[in-house]
Amino acid sequence: MNLQFPPELEAKLTRLATETGSTVDQVALDLLASSVDHDEWFRRDVEKGRRSAREDRLLDHGELAFRMDRRYRD
């Protein structure tokens with residue numbers, strides 16, 4: 001597979017490759033793989049949320065705020 005990058009994006013990839021001591025191809029592959037992994041995770045979690053909503057397993061605002069405070073406290 002061959003990809004053509006717009007000049008601005010190619011310049012950014014080249015800069016990242018130089019900064020990291022890598023090749024442009026490796027930087028592009030790493031970023032693409034990371035993006036695909038994130039997209040898969042996001043879609044799975046959205047589906048879990050949709051499934052919870054269909055099963056009427058939702059948290060009210062107070063419970064959600066309590067859990068977030070507890071999780072991120074200090």
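This is a predicted model: local features need pLDDT of at least 70, side-chain atom pairs count only at pLDDT 80 or more; totals for chains, interfaces and linings use all residues.
Seven salt bridges turn up when the whole structure is searched.

**View 1. Asp45 and Lys48 pair within helix H2.** The two side chains meet in a salt bridge, with 3.3 Å from N to O. Both residues belong to helix H2, which covers residues 24-54. Asp45 and Lys48 are three residues apart, about one turn of the helix. Asp45 counts as partly exposed because its relative accessibility is 31%, and Lys48 is likewise partly exposed, at 45%.

**View 2. Arg57 meets Glu55.** Here the side chains of Arg57 and Glu55 form a salt bridge, and the N to O distance is 2.7 Å. How exposed is Glu55? With a relative accessible area of 45%, Glu55 is partly exposed, since that class lies between the 20% and 50% cut-offs.

**View 3. Glu63 and Arg67 pair along helix H3.** In this salt bridge the closest N and O atoms are 2.8 Å apart. Helix H3 spans residues 61-72, and because Glu63 and Arg67 are four residues apart in it, about one helical turn separates them. Glu63 is partly exposed, at a relative accessible area of 30%. Arg67, with 39% relative accessibility, also counts as partly exposed.

**View 4. Glu47, Arg50 and Arg54 form a network.** Which residues are joined by salt bridges that share partners? They are Glu47, Arg50 and Arg54, linked into one network.

**View 5. The largest pocket and its lining.** This pocket holds about 320 Å³ of space. It is lined by 13 residues, and those closest to its centre are Leu3, Phe5, Asp25, Ala28 and Leu29. Two elements give two or more residues each to the lining: helix H1 (7-20) and H2. Which element gives the most? That is H2, with six residues.

Conventions:
Residues are numbered from 1 along each chain as its sequence is written. Side-chain values use heavy atoms; hydrogens and water are left out. A salt bridge is a side-chain nitrogen of Lys or Arg within 4 Å of a carboxyl oxygen of Asp or Glu. Buried means under 20% relative accessible area, exposed over 50%, partly exposed in between (1.4 Å probe, protein chains only). On a 1 Å grid over the protein atoms alone, a cavity is a set of points where a 1.4 Å probe fits but cannot get out, and a pocket is an open set with protein on both sides within 12 Å along at least five of seven lines; lining residues have an atom within 4 Å of a point. Grid points are joined across faces, edges and corners, and a volume is the space filled by probe spheres set on the points.
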